[in-house]
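Here is a short report on one protein model.

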Amino acid sequence: MQQISIWEQETFYADRDIMIAGAGFTGLWTALHLIEKHPGKNVTILEKGIIPSGASSRNAGFACFGSITEIVADIKVMGVQKTLQLINLRFQGLKTIRQYFKDHQIDYVNCGGYELLENDSSLDQISYINQLLYPITHLTESFVQRNDTIETFGFSKVGNLILNPLEGSLHSGKLLAALTQLVISKGVQIFYGTELLRFEESVGQVTIYTNQKVNFKTDKLIFCTNAFTKTLLPDIDVTPARGQVLLTEPIPDLKINGVFHFDEGYYYFRNLDNRVLLGGARNSSLETEYTIDDITTVFIQQKLENFLTHVILPGQKPAITHRWAGIMGMGSEKFPIVRQLSGRTHCAVRMGGMGVALAPMIGKMMAEQF
C-alpha cells in the first residue's frame with residue numbers, strides 16, 4: 001500500500017460514510033439524492049475513467065420513454081404492470097432532469113418523438129397503449145398517427161409514422177458536466193482514474209482496493225457500474241451490450257426534426273445541428289454486440305449507413321464525420337436492479353439503454369434505502 005501523509009489520511013483518504021462505484025448518470029444522481037437527503041454524510045464517488053465510462057457520454061442524446069413497438073414487446077416479456085412501472089420511471093426521470101437544469105444548460109428541445117413503421121401491424125395497438133399511459137402522461141393521445149409528415153421528412157420505405165409529443169433531445173455531455181458540477185458543489189468528492197478492483201466487507205466497514213494502490217474504507221458501498229457490474233458482482237443479471245453510432249457531415253436543408261425510432265428502438269436517429277446522428281442496428285448481430293469493447297465495427301456501421309441512404313436520406317450519401325460506441329447494461333429483462341446486496345453493499349444497475357431517463361429516479365430509489 002502507498003505511504004500517505006497525515007494530511008492526506010485525514011482529508012482525501014479519510015473513512016467515508018458512503019462510497020459509490022461509477023460516476024455516470026446513475027452514480028451521480030444517486031450521490032445527489034443521497035447528499036440532499038443526508039447533508040451531513042460524507043459521499044464519495046470512484047470512477048475508473050478520466051471521464052465516466054460506459055454509455056453516459058456516448059449515447060445519442062435522446063430524452064425518450066418508449067415507442068409503440070418497444071412498449072408492446074416489453075409487455076410480452078414483463079407484463080403490463082411492470083412495463084408501466086418502467087415507463088413511469090423514465091417519464092418522471094425526464095421531468096426530474098428539467099427540474100434541476102434549465103433547458104438551455106443541457107440543450108434540451110421538446111421536438112417530439114416519432115416511430116417509423118413499415119406496415120400497419122402495430123396501428124391497432126395505439127388506442128390500447130394510450131389508455132395504459134394516460135395515468136402517467138395525462139394525455140388522451142400519448143401516441144398519434146402522423147403519416148402526413150412522412151413526405152415532409154423525406155423518408156422512404158415508411159408506411160406509417162407515429163408521434164409522441166412528449167419526447168425530446170438533449171446534449172448528453174452538457175447534462176453530464178452540469179450534473180457533475182452540481183454534485184461537487186454539494187460536497188461530493190469524485191476520484192477519477194480510480195478503479196475499484198475488489199472489496200472486502202467486514203462487520204464494521206467495507207475495504208476498497210483500487211488501481212491507485214490506495215485503500216479506502218467506507219460504511220456503505222453502492223455499485224452504479226451498470227454494464228461493467230459482472231467483473232465485481234458476477235451473480236448479478238447484467239450483460240454488457242454495445243451501441244454504435246455515426247454522425248454525418250452538415251446537410252443543407254435537412255428536413256427531419258425530432259427524435260426517431262425504428263424496429264422496437266433498435267434503430268434511432270435525430271437531427272443534430274443539421275447533421276444526422278444515427279445509432280443502433282445491434283439486432284443485426286446480437287452475439288457480437290454483447291461485449292465491453294467500445295469500438296465500432298464495419299458490419300454494424302454498414303447496416304447504419306444502409307439505413308441512412310435508403311430510408312432516412314434516400315438517394316443521398318453524406319460523408320460520415322464521427323463514429324463511436326458506448327456500452328449499455330442489459331439483462332434478461334429491462335427493469336433496473338435496485339437493491340441491497342448485503343449489510344453494507346447495494347447496487348443500482350441495468351439501465352437497459354435508457355440511462356438518461358432512468359437514472360434520476362433510480363438514484364432516488366437507491367437513496368431511499370438509506
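A disulfide needs the two sulfur atoms within 2.5 Å. This is a predicted model.

Cys64 is likewise in no disulfide, and its nearest cysteine sulfur is that of Cys111. The structure as a whole holds 0 disulfides. Are these two cysteines buried or exposed? Cys64 has 2% relative accessibility, so it counts as buried. Cys111 is buried too, with a relative accessible area of 16%.

## The largest core

In soluble globular proteins, nonpolar side chains tend to be buried together. Here, the largest nonpolar core has 61 residues. Ile20, Phe101, Ile129 and Leu133 have the most contacts inside it.

Which elements each supply at least two residues of this core? Two are strands: S1 (16–21) and S2 (43–47). The others are helices: H2 (25–37), H3 (68–78), H4 (80–100), H6 (126–137), H8 (172–185) and H11 (355–367). H11 gives the most, with 8 residues.

Take Ile20 as an example. Neighbours within four places in sequence are left aside here.

Another core lies apart from the largest one. This other core has 26 residues, among them Tyr114, Leu161, Phe262 and Leu304.

Methods
Residues numbered from 1 in each chain as written. Predicted model: local features only at pLDDT ≥ 70, side-chain atom pairs only at ≥ 80, totals over all residues. Heavy atoms only, no water. Core = buried A, V, L, I, M, F, W, Y, C linked by side-chain atoms within 4.5 Å. Buried < 20%, exposed > 50% of the residue type's maximum accessible area, 1.4 Å probe, protein only. Helix = DSSP H or I, 4+ residues; strand = E, 2+ residues; numbered from the N terminus. Contact = heavy atoms within 4.5 Å.
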